[in-house]
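Visitor: I have a structure to read and would like a guided tour. Please give me the general idea of each feature before the case at hand.

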There are 2 protein chains.
Amino acid sequence: MRTAYHEQLSELNKTLGQMCELSGTTMEHATQALLQADLDVAERLLEDSKGMSKLVADAEEQAFRLLALQAPVAGELREVVSGFQIAADIDRMYALALHVAKVARMRHPDPALPEEVRGYFAEMGRLAVRLAQGARDVLDTEDASAALALDTDDDAMDDLHRHLFSVLMDREWPHGVAAAVDVTLLGRYYERFADHAVAVGRRVVFQATGQTPEQIVGSVESD
Amino acid sequence: MRTAYHEQLSELNKTLGQMCELSGTTMEHATQALLQADLDVAERLLEDSKGMSKLVADAEEQAFRLLALQAPVAGELREVVSGFQIAADIDRMYALALHVAKVARMRHPDPALPEEVRGYFAEMGRLAVRLAQGARDVLDTEDASAALALDTDDDAMDDLHRHLFSVLMDREWPHGVAAAVDVTLLGRYYERFADHAVAVGRRVVFQATGQTPEQIVGSVESD
């Protein structure tokens with residue numbers, strides 16, 4: 001039975017990894033659609049959301065199958081339950097990437113972003129994609145240091161987000177309120193995407209070890 | 001064993017109900033802090049967030065205890081897993097209510113809201129509180145019609161949210177970009193709060209019956 005458990009758990013983790021990959025590439029393309037006001041790219045993303053629904057359904061089925069195995073022990077139960085939570089986090093990342101694509105589509109043929117904030121979103125997009133890849137790596141390796149490293153990119157995202165707000169608020173913003181509203185919401189989508197990626201990394205480590213990444217890396221350092 | 005299962009499930013649902021209640025009252029007070037620029041109310045909410053952490057931990061422990069009961073059958077597994085998901089939704093509602101309180105605190109002693117959008121937020125706050133109460137009622141009754149009724153309030157919330165954006169975008173908005181950013185984010189917090197309340201209602205019905213609220217109410221009507 002333990003063999004069956006570990007095989008099925010690795011199948012679940014593989015599905016979660018695919019979900020992470022899809023969220024990352026979707027955010028990559030959504031950012032491209034946003035920066036280049038590329039309607040085709042935006043529409044392709046928005047018309048093709050069945051891939052994620054299928055993966056979410058697969059992940060939940062795999063997790064239910066694990067729960068239905070005879071008498072999983074306490075640690076295993078936590079592992080499987082966190083599988084559901086990780087699936088929900090990644091599904092939300094995907095939804096946020098689609099929100100970005102929707103703004104690009106809505107404003108087309110105009111660019112949604114005034115020139116002076118494009119650089120912020122190029123960088124936020126790059127960080128978001130890297131966070132999704134990082135979360136995927138943590139799913140593969142269960143490595144606590146890799147999970148903690150996600151915090152660094154998340155901090156960078158928060159910094160950009162704060163700077164973006166100061167651009168909106170402090171300078172003479174010449175682009176009007178409508179553009180400010182778009183930029184505000186878009187900034188929030190990227191920031192929340194990053195938060196969920198960090199949550200995925202933390203959950204993976206906790207499910208694998210029963211400890212937070214800080215507890216593990218701290219205890220390694222104090223060895 | 002079935003008795004133990006049902007007793008523990010009802011204990012879990014009681015905890016989830018308390019969480020819903022706390023999210024609702026927190027949003028009620030946060031809205032009050034926002035509308036009246038009341039720093040004391042905002043700070044009291046923000047200093048006192050341990051109550052929800054405790055309830056979330058209780059709910060998760062109760063759900064794990066249910067999973068650890070010998071061999072819960074398939075429907076029971078789904079019921080318990082959706083308990084975790086419901087807890088996450090309500091926890092997020094609470095976090096969004098605190099976000100509202102934070103904006104009120106940040107802008108104090110100024111009001112965060114220009115006079116002309118106060119009415120929108122008074123109404124969005126009222127709807128949010130009613131949605132939290134409604135979700136709590138669905139937790140108590142598992143009633144599909146009550147879950148569907150949440151959609152009506154959520155639609156009203158979405159309408160207000162759209163109108164709010166048209167106020168921001170279409171008229172001569174005289175309050176500057178900073179106020180527009182606040183109003184944009186606040187509007188989103190209320191809208192997401194409503195989405196989570198609707199999700200709670202849907203999950204409760206699905207966990208109890210294996211059907212969506214539409215399937216049930218539809219099948220009743222076609223009897």
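Guide: Start with the salt bridge: a side-chain nitrogen of Lys or Arg within 4 Å of a carboxyl oxygen of Asp or Glu. The side chains of A:Glu11 and A:Arg65 form one, at 3.9 Å from N to O.

Visitor: How many salt bridges does a search of the whole structure find over all chains?

Guide: The search finds 27. Across the interface of chain B and chain A, there are two. In one salt bridge, the side chain of B:Glu61 meets that of A:Arg78 at 3.1 Å, N to O.

Visitor: What ground rules apply to the model and its labels?

Guide: The model is predicted: local features need pLDDT of at least 70, side-chain atom pairs count only at pLDDT 80 or more, and totals for chains, interfaces and linings use all residues. Residues are numbered from 1 along each chain as its sequence is written, chains are lettered from A and ligands numbered from 1 in the order in which they are written, and side-chain values use heavy atoms, with hydrogens and water left out.

Visitor: What is the average pLDDT of chain A?

Guide: pLDDT is the predictor's confidence in each residue, from 0 to 100. Chain A averages 92, and 96% of the residues score at least 70. Among the elements of chain A, helix H2 (residues 39–47) has the highest mean, 97. Helix H8 (residues 213–221) of chain A has the lowest, 76.

Visitor: How many residues of chain B are in contact with chain A?

Guide: Contact means heavy atoms within 4.5 Å. By that rule, 26 residues of chain B touch 27 residues of chain A. Next comes buried area: the accessible area (1.4 Å probe) that two parts lose on being put together, summed over both. Here the two chains bury about 2400 Å² between them, with 71% of it on carbon and sulfur atoms. B:Met169, B:Val177 and B:Arg188 supply 23% of the area that chain B buries against chain A, more than any other three residues.

Visitor: Which helices of chain B each supply at least two residues of the side that touches chain A?

Guide: They are helix H3 (50–68), helix H4 (74–107), helix H6 (144–170) and helix H7 (176–209) of chain B. H7(B) gives the largest share, nine residues.

Visitor: How is the span of a helix checked?

Guide: The expected span is 1.5 Å times one less than its number of residues. Helix H1 (residues 2–36) of chain B has 35 residues and reaches 51 Å from its first C-alpha to its last, close to the 51 Å expected. Helix H5 (residues 115–141) of chain A has 27 residues and reaches 40 Å, close to the 39 Å expected.

Visitor: Where is a cis peptide bond found in chain A?

Guide: The bond joins A:His108 and A:Pro109, with omega about 10°. A:Pro109 is in the loop between helix H4 (74–107) and H5 of chain A. In chain B, a cis peptide bond joins B:His108 and B:Pro109, with omega about 10°.

Technical notes
Helices (H or I, at least four residues) and strands (E, at least two) are DSSP runs, numbered from the N terminus.
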